[in-house]
Amino acid sequence: MTKYPTSGDLAYSMRKGLHYTEGTWWIDLGIEGYAFRLMDLDRVLVAMDNLGRLTVNRGYLWDGSSGPTRDGPADPVPSLVHDAIYEAMRCRALPFSIRKKSDAVYRDLLLERGMAGARSWGRYIGLRLVGGASAAPIRGPQYPKRLAK
């Protein structure tokens, strides 16, 4: 049994070195009380409801796992979830205070998808040590400029 139920397999492709969602996909994160939407012009690309269901629509771009690492088979879902939450923090749609929970979800998702415990914990520790700048509101949204609502 998975800790984080999803709508099924994540459909994505690569476009100019970035991951691109090919359809709507959701995951129940259990991060309750924080609803947000990331918009691209007039479309909702990412949304989370107050019960913690994160929904990602077709066309969301993310760069995969960052830092001194390479994406592997376990990376797409954890990196998508983590990048979307960090982007929401950068846009001030989520408080910076949920960063630790976001990093823990990333670690848990890596473990659920088969990454070795030591490797996933190493990534978690790296995020805790140096990931704060990537979630800082001063950085703003990414590819292309998105709006938080």
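The model is predicted, so local features need pLDDT of at least 70 and side-chain atom pairs count only at pLDDT 80 or more, while totals for chains, interfaces and linings use all residues. Residues are numbered from 1 along each chain as its sequence is written, and side-chain values use heavy atoms, with hydrogens and water left out.

**Overall make-up**
- The protein has four helices and eight strands, taken as DSSP runs numbered from the N terminus (helices H or I, at least four residues; strands E, at least two), and from the N terminus on they run β-β-β-β-β-β-β-α-α-α-α-β.
- Of the 149 residues, 48% are buried, where buried means under 20% relative accessible area, exposed over 50% and partly exposed in between (1.4 Å probe, protein chains only).

**Helix H2**
- H2 is mostly covered, with 10 of its 14 residues buried, among them Arg99, Asp103, Tyr106 and Leu110.
- Gly114, which follows H2, has a positive phi near 100°.

**Nonpolar patch**
- Helix H3 (residues 117-130) gives the most to the nonpolar patch, with three residues.
- Trp121 lies in helix H3 and is partly exposed, with a relative accessible area of 41%.
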